[in-house]
Amino acid sequence: MFLKEILLDANLLVPNSINDETKVRWLNEIQGQLYRDFSFNDTSFGFTAEPGFNLYALPEDCSRERITSVIVGDHTYEYRTIDQEATEYCWLIIDENLFIHPTPNQNTSAYLNYRPGPKEMTITMQNVEPTYPNNYHEVLVYGIAARIAR
């Protein structure tokens, strides 16, 4: 369903005078909550780990708590917090960037595997489908309708 169809269905369930900007904000909040509660397929982000360079930008739809694994070459790196001592192969997040330790000795294929977050919707995206799986768009409709009814 496109955003305009989700908003229309919610309005048909509970007639109201609430503006669409508020409903889209609610939709984003609902998507964010549902993405934490349901498991969706992981996404793999490939990059090249370079010698002497250990800080890499995260993909836009990735946050630390959504990362499932970091693989550099033949090694799976272990998560560490900034307060923990570094292990032989580990990763952590510094200022919303992926930090890997140790850096490889040569250009090496690396993969960041994570559960992507939902695409933030705006009122101008009327003909765009939310990233929440299509089979469950009705959950978004009911979530908005429930907030309208409250």
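What covers the buried residues of helix H1? The points below take this up, then turn to the rings.

1. Basis. This is a predicted model, where local features need pLDDT of at least 70, side-chain atom pairs count only at pLDDT 80 or more, and totals for chains, interfaces and linings use all residues. Residues are numbered from 1 along each chain as its sequence is written, and side-chain values use heavy atoms, with hydrogens and water left out.

2. Helix H1. Its buried residues (under 20% relative accessible area; exposed is over 50%, partly exposed in between; 1.4 Å probe, protein chains only) are Leu3, Ile6, Leu7 and Ala10. They sit on the same side of H1, because their arc around the axis is only 95°, taken from the directions from the helix axis to the C-beta atoms. An α-helix has 3.6 residues a turn, so residues three or four places apart point the same way. The cover includes helix H2 (20-37) and helix H3 (137-149), with contact meaning heavy atoms within 4.5 Å. Helices (H or I, at least four residues) and strands (E, at least two) are DSSP runs, numbered from the N terminus.

3. Aromatic pairs. The whole structure holds 7. Rings of Phe, Tyr and Trp (its six-membered ring) pair if their centres lie within 6.5 Å; planes under 30 degrees apart are stacked, over 60 edge-to-face, the rest tilted. Phenylalanine 53 and tyrosine 56 are edge-to-face, at 5.0 Å and 85°. Phenylalanine 53 is partly exposed at 40%; tyrosine 56 is buried at 8%.

4. Strand link. Tyrosine 79 and tryptophan 91 form a tilted pair, at 4.7 Å and 50°. Tyrosine 79 lies in strand S4 and tryptophan 91 in strand S5, 12 residues apart. Tryptophan 91 is buried at 4%.

5. Cluster. Ring pairs join Phe45, Phe47, Phe53 and Tyr56.
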